[in-house]
Amino acid sequence: MDRLNWIEKQRQSGNFRQLTPVKRMPDGTLQLAGDTEKAVLHDFSSNDYLALSLHPDLIAASRKYLEMAGAGAGAARLMSGDLTVYHELEKKIAELKGQEAALLFGSGYLANCGIIPALLGRQDVVFCDRLNHASIYDGCRLSRARLVRFHHNDLNHLGDMLKSRRGKGEALIVVESIYSMDGDRSPLKELVSLKEKYGCLLMVDEAHATGLFGPNGGGVIEEEGLSSHVDLAMGTFGKALGSYGAYVAASGSMIDFLVNRARSFIYSTALPPAVVGASLAAIKIIQKQPELRQKLFAKVDLFKSILRQGGLDGLGSSQIVPVLIGESSTAVYLAEKLRRENIFATAVRPPTVPEGTARLRFSITLHHKNDVLKQTAATLLEILEKG
Ligand SMILES: *Cc1c(COP(=O)(O)O)cnc(C)c1O
């Protein structure tokens, strides 16, 4: 590949990406590194929905586990790195997700790349929602199973595909409960019926749901009372839980199986203990303080109601609010205009989303004060109107 030529093409199509070093302030606002005017940017790109990453309990627990167990695990879990702190966290996660057991991974990306190939091989088939996260697709590819993509949230299409392509091998249906770039939900109850009808495994990625939905913050699966019908409930600690790492919760035998087969688990150093301490503190908070979720969704409602009054629709059904633009270059231009108004929202472009569906993605967090949300919504409407 001619790399320079490739970069030039990306630039011309508005799809070239660059890193933007920032400083994060204790109130969750950002300053661009090297900005001598120190403009305060309101961060609408973060997944730190409950503002837990800066919570004193997480920081204190991190420190405690750091001093107790050291800066690094020193080895993979199946070698000598199997510190007791991981079991402590896995027990809490299994409880939270209503499953028998759980297993930690280095990150959500690593979890998805490890779990799917552990379950499936060449003889098998995976039914994958078109809008699933890249890490799910990468897991599917690594598995070498036949990949069947179904239209986003389209049960009829999935039903047809299951009928014609289920085959005789193992079959897995994999979805997200809240979609990361569209902010909408998957029809879990109906998916459970289909998976039972066709004898498939069902895996649900709750990256954007854990901590935010369900009476204990267990996610959409908990909210809908479906824990015992979902074979693999996966999620990350890096989003609403404010920390890092990831997990899958499942039956005891499934977890035993994954310990022996998931290569991204087996061949990778265990998480740093400080990170585990932070995750434990986060779980305690989400279980004990449902009011944080209520507060967040009141903010989401406020933001969306202003946008709706301004004529926008298709704003999703969660804390993730997509504003569809279309062309990448337009989305980049609008994001730049917002930046000048001290609003940091990313232009999400292909290949993260399908061609022609570039968008501005706003994620609402507890860092946002109500007047900031009102101002941001008004500014966005103004910029969309003027172009
Ligand atoms: C962010 C995300 C992941 C990856 O999780 P990390 O812990 O950030 O690696 C996986 N799946 C979905 C749906 C995500 O949004």
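Predicted model: local features only at pLDDT ≥ 70, side-chain atom pairs only at ≥ 80, totals over all residues.
Helices (H or I, at least four residues) and strands (E, at least two) are DSSP runs here, numbered from the N terminus. Residues are numbered from 1 along each chain as its sequence is written, and side-chain values use heavy atoms, with hydrogens and water left out.

**The ligand and its surroundings**

- The ligand is surrounded by 13 residues, each with a heavy atom within 4 Å of the ligand.
- Gly108, Asp205, His208, Thr236 and Lys239 are the closest of them.
- Glycine 108 uses its backbone instead, with an N or O atom 2.8 Å from an oxygen atom of the ligand.
- The ligand taken alone exposes 380 Å², and the protein buries 86% of that; these accessible areas come from the Shrake-Rupley method with a 1.4 Å probe.
- Helix α5 (residues 108-119) gives the most to this shell, namely three residues.
- By class, the shell holds two nonpolar, eight polar and three charged residues (Ala, Val, Leu, Ile, Met, Phe, Trp, Tyr, Cys and Pro count as nonpolar, Asp, Glu, Lys and Arg as charged, and the others, Gly among them, as polar).

**A pair of packed helices**

- Helix α12 (residues 273-288) packs against helix α13 (residues 290-309) at about 75 degrees, with the axes 4 Å apart; axes are lines fitted to C-alpha atoms over the stretch in contact, and angles run from 0 to 180 degrees between N-to-C directions.
- That angle makes α12 roughly perpendicular to α13, a label covering 65 to 115 degrees.
- On the α12 side the contact (heavy atoms within 4.5 Å) is made by Ile285, Ile286, Gln287 and Lys288, and on the α13 side by Pro290, Glu291, Leu292 and Arg293.
- The residues of this contact divide into four nonpolar, one polar and three charged.

**Backbone details to check in the loops**

- Lysine 38 has a positive phi of about 50 degrees although it is not a glycine.
- The peptide bond from proline 350 to proline 351 is cis, with omega near 10 degrees.
- Proline 351 sits in the loop between β13 (346-348) and β14 (358-363).

Definitions and conventions
Polar contact = N/O pair within 3.5 Å; in protein donor to acceptor, adjacent residues only side chain to side chain. Parallel < 35°, antiparallel > 145°, perpendicular 65-115°, else oblique.
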